[in-house]
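This report covers helix packing and charged side-chain pairs in one model. The sequence and structure are shown first.

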Amino acid sequence: MRRSLQGRTVWILLAVAVLLLVVAIASVVIYSLLQQPQATGWQDPIIAIHPEEIAADIALYPLAGASELDTVDAAIDNGDLETAYATLVFGMELSDAQRIGRMILLGGRFPDAEKPDRAALAYQQITDTAVLSPDLNDPARADALLAGGRGWAALGEEERALEAYDQVYLIAVQSPYLQMANRRDLLSALETAYRDLGADERAEESRDAIIELDQQTTPHPPVSPGE
């Protein structure tokens, strides 16, 4: 009887041990998946920073009197891309145009460093800033979105590239603040960009919009932002 109880106890303990092992393995797998950056979903730009990859000597440049823009440029030139990214995210002196310009540079450098996920993060910031900034004019906003779309396309993120291009198209055909030449240049760039992604229908819409512009007999000068 005692041996039977001991045998049953051993089997129960083994079952509990196996169950705990399975739970531990599942927890590790889930934690690892949650820690992996997702290139296709929105990421919090601050939480996504990798503090362990920040070069402290460059990050402290502003304390020595350097501007935030100079700090970003020094980090990019030195290959400390995470330092440059963190400075752009936390920087308070940078204009939105400066922030976008440096993010475009980072978006091109990260893939060379075999970090496409960080490039996706940079292009996300470009798109978000271009859409939400109250300080950018429409030509600058469209150029930023176009650059972001090209970056997404280079990463193989066709859906997000199309989203950016579609916003450029809306600006190109509806904004009252664009010069005719600027409007035409955007549509021409979009036609090529759409065709590169195989979006022939959207490319044709851009081509039709260009033809419509060329057929206008009375030019419509852009209105001033104040109006």
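The model is predicted: local features need pLDDT of at least 70, side-chain atom pairs count only at pLDDT 80 or more, and totals for chains, interfaces and linings use all residues. Residues are numbered from 1 along each chain as its sequence is written, and side-chain values use heavy atoms, with hydrogens and water left out.

**Helix 4**

Helices here are DSSP runs of H or I with at least four residues, numbered from the N terminus. Buried means under 20% relative accessible area, exposed means over 50%, and partly exposed lies in between (1.4 Å probe, protein chains only). Helix 4 spans residues 81-90 and is mostly covered, with 8 of its 10 residues buried. The buried residues are Leu81, Glu82, Thr83, Ala84, Tyr85, Ala86, Thr87 and Leu88. Their packing partners are helix 2 (56-59), helix 3 (68-78), helix 5 (96-112) and helix 6 (116-132), where contact means heavy atoms within 4.5 Å.

**Two helix pairs**

Axes are lines fitted to C-alpha atoms, for helices over the stretch in contact, and angles run from 0 to 180 degrees between N-to-C directions. The two pairs compare as follows.

| Pair | Angle | Axis separation |
|---|---|---|
| Helix 4 and helix 5 | about 155° | 11 Å |
| Helix 8 (residues 158-174) and helix 9 (residues 180-196) | about 155° | 9 Å |

The angle makes helix 8 roughly antiparallel to helix 9; angles over 145 degrees count as roughly antiparallel, under 35 as roughly parallel, 65 to 115 as roughly perpendicular and the rest as oblique. The crossing of helix 8 and helix 9 is left-handed, that is, the near helix is turned anticlockwise from the far one by less than a right angle. On the helix 8 side the contact involves Leu162, Tyr165, Asp166, Val168, Tyr169, Ile171, Ala172, Val173 and Gln174, and on the helix 9 side Arg183, Leu186, Leu187, Leu190, Ala193 and Tyr194. By class, the residues of this contact are 12 nonpolar, 1 polar and 2 charged. Ala, Val, Leu, Ile, Met, Phe, Trp, Tyr, Cys and Pro count as nonpolar, Asp, Glu, Lys and Arg as charged, and the others, Gly among them, as polar.

Helix 4 and helix 5 are likewise roughly antiparallel to each other, and their crossing is left-handed. Leu81, Ala84, Tyr85, Leu88 and Val89 of helix 4 meet Arg99, Arg102, Met103, Leu106, Arg109 and Phe110 of helix 5. This contact of helix 4 with helix 5 has 8 nonpolar, no polar and 3 charged residues.

**Salt bridges**

The structure holds 10 salt bridges, each a side-chain nitrogen of Lys or Arg within 4 Å of a carboxyl oxygen of Asp or Glu. One of them joins Arg141 and Asp138 (3.6 Å, N to O). These two residues lie 3 apart in helix 7 (residues 138-154), a separation of about one helical turn. Arg141 is buried at 14% relative accessibility, and Asp138 is buried at 17%.

Asp214 and Arg184 form another salt bridge, with their closest N and O atoms 3.0 Å apart. This pair links distant parts of the chain, Asp214 in helix 10 (residues 200-214) and Arg184 in helix 9, 30 residues apart. Asp214 is partly exposed at 47% relative accessibility, as is Arg184 at 34%.

Arg195 and Glu204 also meet in a salt bridge (2.5 Å, N to O). Arg195 is partly exposed at 34% relative accessible area, and Glu204 is partly exposed at 36%. Salt bridges with shared partners join Glu191, Arg195, Asp200, Glu204 and Arg207 into one network.
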